[in-house]
Amino acid sequence: MEIIKRGTGIFMLEQYGNKYIRFDAGQICQVILQIKITEEEFNKVKNEEISMGSVVSYYQNQKQYSEDDIRKNLMKDYLRSVKDYSEKLLNKFVDTLATHRDIFIEFYDYVLYEEFTESAIKVEGYTAEYLHKNYPLSPLGAYNYLISLREQPEKALEDLKKGLPRK
C-alpha cells in the first residue's frame with residue numbers, strides 16, 4: 001500500500017494494483033470505506049484539479065453501492081491480487097464471509113490494513129491470525145475456518161487436532 005496524498009480523515013492510495021480514496025470514520029462517514037477511483041480522477045486529485053472530498057461526494061451522491069458493496073469490492077480486489085479467481089468464486093468467497101457479520105468486517109479490516117487486527121474475534125479459542133500463522137491457511141482460509149469453527153465446532157476442532165498439515 002502506498003499513500004499518495006493525505007487529508008484530514010481522507011487519503012488517496014495505491015493498493016492491490018488499483019487507485020483508491022479511503023475515508024475514515026468520524027470525518028466523512030461513520031465507518032472506514034475505501035472506494036476505487038479512475039485513473040483520470042486519480043490524476044486530477046494528484047494535480048489538485050479536484051479534491052478527494054469532491055470525488056467521495058460524487059460517489060456518495062451516485063448511491064450505486066451500499067457500504068457492504070464497497071467492502072465486498074475491495075475484498076475482491078485483494079483476492080484478485082493474490083490469485084486469478086473467477087468472478088463467480090470471488091462472489092462466493094465474499095458472500096460466505098458476509099454470513100457472519102463480525103468475521104466479514106474483520107476480514108475487511110485485514111484487507112484495508114494488510115495486517116491482522118489486535119482486537120481479533122476468537123471462535124473456539126482461535127483467531128484468524130493464529131490459524132494463518134500455525135496452519136497452511138491463507139488469510140481468507142483462516143477467516144473461512146473461523147466460520148467452520150462457529151458453524152461446525154466439533155468437526156472443525158477435530159480436524160485441527162488431527163493436524164491440518166502445518167506450515
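Axes are taken here as lines fitted to C-alpha atoms, for helices over the stretch in contact, and angles run from 0 to 180 degrees between N-to-C directions. The structure is a predicted model, in which local features need pLDDT of at least 70 and side-chain atom pairs count only at pLDDT 80 or more, while totals for chains, interfaces and linings use all residues. Residues are numbered from 1 along each chain as its sequence is written, and side-chain values use heavy atoms, with hydrogens and water left out.

The protein contains eight helices and four strands, where helices (H or I, at least four residues) and strands (E, at least two) are DSSP runs numbered from the N terminus. From the N terminus on, the order of the elements is β-β-β-β-α-α-α-α-α-α-α-α, and the C-alpha trace spans about 60 × 30 × 30 Å along its principal axes.

Helix α5 (residues 101-113) packs with α7 at an angle of about 165°, and their axes are 11 Å apart. The two helices are therefore roughly antiparallel, the word being used for angles over 145 degrees. Their crossing is right-handed, which is said when the near helix is turned clockwise from the far one by less than a right angle, left-handed being the anticlockwise case. The contact (heavy atoms within 4.5 Å) joins Asp-102, Ile-103, Glu-106, Phe-107 and Tyr-110 of α5 to Pro-139, Leu-140, Tyr-143, Leu-146, Ile-147 and Arg-150 of α7. These residues divide into eight nonpolar, no polar and three charged, where Ala, Val, Leu, Ile, Met, Phe, Trp, Tyr, Cys and Pro count as nonpolar, Asp, Glu, Lys and Arg as charged, and the others, Gly among them, as polar.

Helix α4 (residues 87-98) also meets α7 (residues 139-151), their axes coming within 10 Å and crossing at roughly 40°.

The largest pocket holds about 440 Å³ of space. A pocket is, on a 1 Å grid over the protein atoms alone, an open set of points where a 1.4 Å probe fits, with protein on both sides within 12 Å along at least five of seven lines, and lining residues have an atom within 4 Å of a point. Of its 22 lining residues, Ile-35, Tyr-59, Tyr-65, Ser-66 and Ile-70 are the closest to its centre. The largest share of the lining, seven residues, comes from α3.

Methods. Points joined across faces, edges and corners; volume = space filled by probe spheres on them. Parallel < 35°, antiparallel > 145°, perpendicular 65-115°, else oblique.
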